[in-house]
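Please keep the sequence and the 3D view at hand.

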Amino acid sequence: MYVDEEPRLRRLNQIAVSVKAPQEKADLLLRIAEYSEEGLSDEPQPEAIEQIVNAYRRVLTQAPGHIEATARLSSLLAQSDRVEERAQLLESHLAASSEGPERVATHLELGRMYAERLGDSGQARSLFEAVLALRPHHFEAAAALRALYRDGGQEPLLLGVLDVLVEHSPELESRQAVLQEMSEVAERVGRDEIFGVLRRRF
C-alpha cells in the first residue's frame with residue numbers, strides 16, 4: 001500500500017516547500033518520489049501509481065530534462081502502457097537536454113514507439129533520421145529507416161541507408177542480401193546508382 005502519511009515523507013515535503021533553489025528542490029523532490037515508489041505494494045492501485053507519477057513530474061517541473069526522473073517516470077508509464085504520455089515525456093526530455101549519448105537512445109526509443117505503437121511513420125522516420133544525423137553509421141536506425149523507406153516507396157533515400165547497412169552488416173550473408181537489394185533498387189532509380197553498387201561489389 002502507498003503510505004502517504006509516512007513521517008519521513010511528511011517531513012521531506014515540508015522541507016521541499018521552503019527550498020527555493022531549483023536544483024536543490026529538484027534533488028529533494030526526487031528523493032520524495034523515490035521513497036514514495038519504494039512504498040508501493042506488488043499490486044498497487046491506480047491511484048497510488050498516479051501519485052508516484054505526479055511526484056516525478058514535480059521533479060521535472062523544477063529541472064526539465066532531469067535524466068533520473070525522466071527514466072523513472074518513463075518506466076512507470078511503460079508499466080501502465082501509457083504510450084502517448086510516455087512519448088510526450090521523452091519529447092520534452094529531448095527538448096530540454098543538451099547534446100549527449102542519451103539523445104541517441106531517446107530518439108531511438110521514440111522512433112520505435114511512433115512506428116510500432118502510435119502508427120505515425122512520418123514522426124518515426126524523422127526521429128530515426130535524427131539518429132543518423134548524430135551517428136551517421138548507426139546500424140539500428142538505418143535498419144528501421146530501411147523498412148520505412150521501403151513502405152513509403154522512397155527508393156533514393158532507401159539506397160542511402162542500405163549503404164550504411166552493407167558497411168556494417170555483421171554477417172557475410174546479410175551483407176550479400178543488402179547488396180542484392182541495393183542493386184535492384186539502384187536499377188529502378190537510375191544508372192548512376194547502379195555503378196555505385198557495382199563499385200562496392202568488386
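Ala, Val, Leu, Ile, Met, Phe, Trp, Tyr, Cys and Pro are counted here as nonpolar, Asp, Glu, Lys and Arg as charged, and the others, Gly among them, as polar. By that scheme, the lining of the largest pocket consists of four nonpolar, four polar and three charged residues. A pocket is an open set of points on a 1 Å grid over the protein atoms alone, where a 1.4 Å probe fits and protein lies on both sides within 12 Å along at least five of seven lines; lining residues have an atom within 4 Å of a point. Among the lining residues are Ile 67, Arg 86, His 93 and Glu 109.

The model is predicted: local features need pLDDT of at least 70 and side-chain atom pairs count only at pLDDT 80 or more, while totals for chains, interfaces and linings use all residues. Residues are numbered from 1 along each chain as its sequence is written, and side-chain values use heavy atoms, with hydrogens and water left out.

Next comes the interior. A nonpolar core is a set of buried Ala, Val, Leu, Ile, Met, Phe, Trp, Tyr and Cys residues joined through side-chain atoms within 4.5 Å. Buried means under 20% relative accessible area, exposed over 50%, and partly exposed in between (1.4 Å probe, protein chains only). In the largest such core, which has 31 residues, Leu 110, Leu 145, Val 161, Leu 162 and Met 182 touch the most other members. Helix α9 gives the most to this core, seven residues; helices (H or I, at least four residues) are DSSP runs, numbered from the N terminus. A second, separate core of 25 residues includes Leu 9 and Leu 73.

Val 161 sits in α9, and its relative accessibility of 4% makes it buried. Leaving aside residues up to four places away in sequence, Val 161 has contacts (heavy atoms within 4.5 Å) with Leu 132, Ala 142, Leu 145, Arg 146 and Tyr 149.

The last topic is charge. A salt bridge is a side-chain nitrogen of Lys or Arg within 4 Å of a carboxyl oxygen of Asp or Glu, and the count comes to 12. Arg 57 pairs with Glu 85 in this way, with the closest N and O atoms 2.9 Å apart. Since Arg 57 belongs to helix α3 and Glu 85 to helix α5, the pair ties together parts 28 residues apart in sequence. Both residues also belong to a network of salt bridges with Glu 50 and Arg 82.

Technical notes: Helix = DSSP H or I, 4+ residues; strand = E, 2+ residues; numbered from the N terminus.
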